[in-house]
Amino acid sequence: MRKIDPRNFQRATRTTSKEINRQIVLNLVREYQPISRADLARRMEVARGMVSPLVNELIEGGLLYEAAVGTSRRGRKPTLLHVRAHDRLAVGIDVRLSETQVMLADFAGRTLALEMLRTPATPDELIAELGARVRRLLEANSAAGECQGIGLVVPGTVDSETGRLVNAPTLGWRDVDLRGALEAAVGIEVTIERDAVACALAQMWLAHPVGGALDSFAYVTFSDGVGAGLVINGRVVRGHRDAAGEFGHIPLTMDGPACLCGSRGCWEAYTSSHAIVARYLGRELATRDSYAAVRESGMTVADVIARARSGDAGALSALELTGRLMGLGLAAIVNAVNPARIVVGGEVAAAWDIVGPPALAAMAERTLTTGTASTPVSPEASDQQTRLRGAAALVVAPTFAAPAIG
C-alpha cells in the first residue's frame, strides 16, 4: 500500500477517473493496435458508449488516428484505431566518454537518422556541437513530422529538479547545466537522465523486457561505467538525491584498483569495458598507464569476445574472471532491492554464454536465500542503441504514463 502524504498531496477531482480511463484507452491502443472501439470496450469491460468519448478526445488531441476499416460478420464495419507515432518525433542523445550519438526517431521508436561524433573534452564544446547537429537533423527531416522534445542521456548522476549533471566521473564533469544550455541552443525542451535509468525506461516503454517483467526489474549496464536502473512497482527508483542505482561505486574490496570516482575497489573499476580490456592485456586495471595502453591498443570488449570464441585462452580467462566479478555486484543488487529479474546490458552482454555461468554462481554464493539466489538474470538482446532508445523514451513516456495522483 502507498501512504498519502498529508503535507504533499494532489486531491482527486471530477476529472480524475476520466483522465485515468483516457490513459488506459491510449495504452490499450498502443499495445493492441489496430483495434476497434468495440474491442476496446470489451477489453475494458465497459459499454462502448463510455469508450467513444475518450477515443474522440484522444483523436482531437492528436494522440490517436483512425485508419483502415476492419472486418465484421454483420453490421457496420469497424474503423480501426492507431497511436499517432509516425509524425511525432524525438531526438535522442547518448553521451559517452569516447563517443556521442544523436538519433532522430518517431514515437514508435523507429530510427529516422543517426549521427556519431567524438565526445568533446568540455561541456561547452559538446553543447555547441550538439546544437549544430540537432538543428541540421531536424531541418533535413522536417517533412517527417514535428519534434516533441530531446532526451539527453549522460553517464553520471543527474538532479531531477534542476536538470544539472551533478557528477560524471568518466567524463570528469561536475555540476554542469547541460539541459539548460542545450535548450538555449536549439529552442526545444530537453529531458536529461542517467544512462542506466534511461536503459530501464527503454525496456519499459519501447521494448518488451526480457522475460516480460515490466514492473519490477533492474537493468544493469556494463560499459564505460557500471550502474543500475531500478524499477519497482512500475516506477523508477531515484532515491532522495537522485543517486539510487549507483551500484558501480559500491566497493568489492577496500584496497582494490583506483576508480574514476576517486575511490578504490569499486565494482566499476573491476567490470567496466576498460577493465575487461586491461585485464586481457595484462595491465593494471585503473592506472593512467593502463588507460593509455587500452586506448593505444584500439582493442574493444567485442575484440576480446571474438578472441575468446576463436580459442584465445587469455581472452577466455579474462571474461570468466569478469563474469565472477559481475556476479558479486549482482548479488548486492539482489540483497538490497530484490527485483523480480535483472537484465544485463552493455558490450559484455554479447558474451553471456561465457560470463553468465560464473556470474550466476558468484551471485548465488553471496545472496541470502534460495529464492533470491534464483533471481532470473538475462542478457539484453544484442542492441547497441538501448541508451539511445532510452533517450527517446524520455520524450515518449510522459505521453503514455499514468496520471500522478496522491
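## Model and confidence

The model is predicted: local features need pLDDT of at least 70, side-chain atom pairs count only at pLDDT 80 or more, and totals for chains, interfaces and linings use all residues. Residues are numbered from 1 along each chain as its sequence is written, and side-chain values use heavy atoms, with hydrogens and water left out.

Mean pLDDT (the predictor's confidence in each residue, from 0 to 100) is 88 for the protein, and 90% of its residues reach 70 or more. Helix α9 (residues 288–297) has the lowest confidence, with a mean of 75. The highest is found in helix α12 (residues 352–366), at 97.

## Overall composition

The protein has 14 helices and 15 strands. Helices (H or I, at least four residues) and strands (E, at least two) are DSSP runs, numbered from the N terminus. Of the 406 residues, 50% count as buried; buried means under 20% relative accessible area, exposed over 50%, and partly exposed in between, with a 1.4 Å probe and protein chains only.

Contacts (heavy atoms within 4.5 Å) with a separation of 6 or more are 59% between residues 24 or more positions apart.

## The five-stranded sheet

An open sheet is built from five strands in the order β5-β4-β3-β6-β10, with mixed pairing. Its edges are β5 and β10 (190–194); each has a single partner strand, so one side of each lacks a neighbour in the sheet. On average, neighbouring strands of this sheet are turned by 15° against each other, direction ignored. Such angles come from axes that are lines fitted to C-alpha atoms, for helices over the stretch in contact, and run from 0 to 180 degrees between N-to-C directions.

Two strands pair if DSSP finds at least two bridges between them. Within this sheet, β3 and β6 are parallel and share six bridges. Ile-93 stands opposite Leu-152 in β6.

## The three-stranded sheet

A second topic is the open sheet of three strands, ordered β7-β8-β9 and paired antiparallel. Its edge strands, β7 (157–158) and β9 (173–176), each pair on one side only. Two bridges connect β7 to β8 (residues 165–168): Thr-157 lies opposite Asn-167, and Val-158 has Leu-165 as its bridge partner. The hairpin of β7 and β8 has six residues between the strands, and Gly-163 in its turn has a positive phi of about 75°.

Three bridges join β8 to β9 in the antiparallel sense, and Ala-168 stands opposite Trp-173 in β9. These two strands also form a hairpin, with four residues between them; Gly-172 in the turn has a positive phi of about 75°. Asp-175 is in strand β9 and has a positive phi of about 50°, although it is not a glycine.

## Helix α4

Helix α4 (residues 123–140) has 18 residues and spans 26 Å from its first C-alpha to its last, close to the expected 26 Å. The expected span is 1.5 Å times one less than the number of residues.

Buried residues of α4 are Pro-123, Leu-126, Ile-127, Leu-130, Gly-131, Arg-133, Val-134, Leu-137 and Leu-138. An α-helix has 3.6 residues a turn, so residues three or four places apart point the same way. The cover over the buried residues of α4 includes β3 (88–95), β4 (99–106), β5 (111–118), β6 (146–154), β9 and α5 (178–186).

## Loops around α2

The loop between α1 (16–32) and α2 (37–44) holds Ile-35, and Pro-34 is also in the loop between α1 and α2. The peptide bond from Gln-33 to Pro-34 is cis, with omega near -5°. Ile-35 is buried, at a relative accessible area of 4%. Not counting residues up to four places away in sequence, Ile-35 touches Val-29, Leu-40, Arg-43, Thr-79, Leu-80 and Leu-81. Thr-79 is 44 residues from Ile-35 along the chain, and their C-alpha atoms are separated by 8.2 Å.

Glu-45 lies in the loop between α2 and α3 (48–60). Its phi is near 55°, a positive value in a residue other than glycine, and at 74% relative accessibility Glu-45 counts as exposed.

## Cysteines

The structure has zero disulfides, a disulfide being a pair of cysteine sulfur atoms within 2.5 Å. The sulfur of Cys-259 has its closest cysteine sulfur in Cys-261, at 3.7 Å, which is too far for a bond. Cys-259 is buried, with a relative accessible area of 10%. Cys-199 is buried as well, at 1%.
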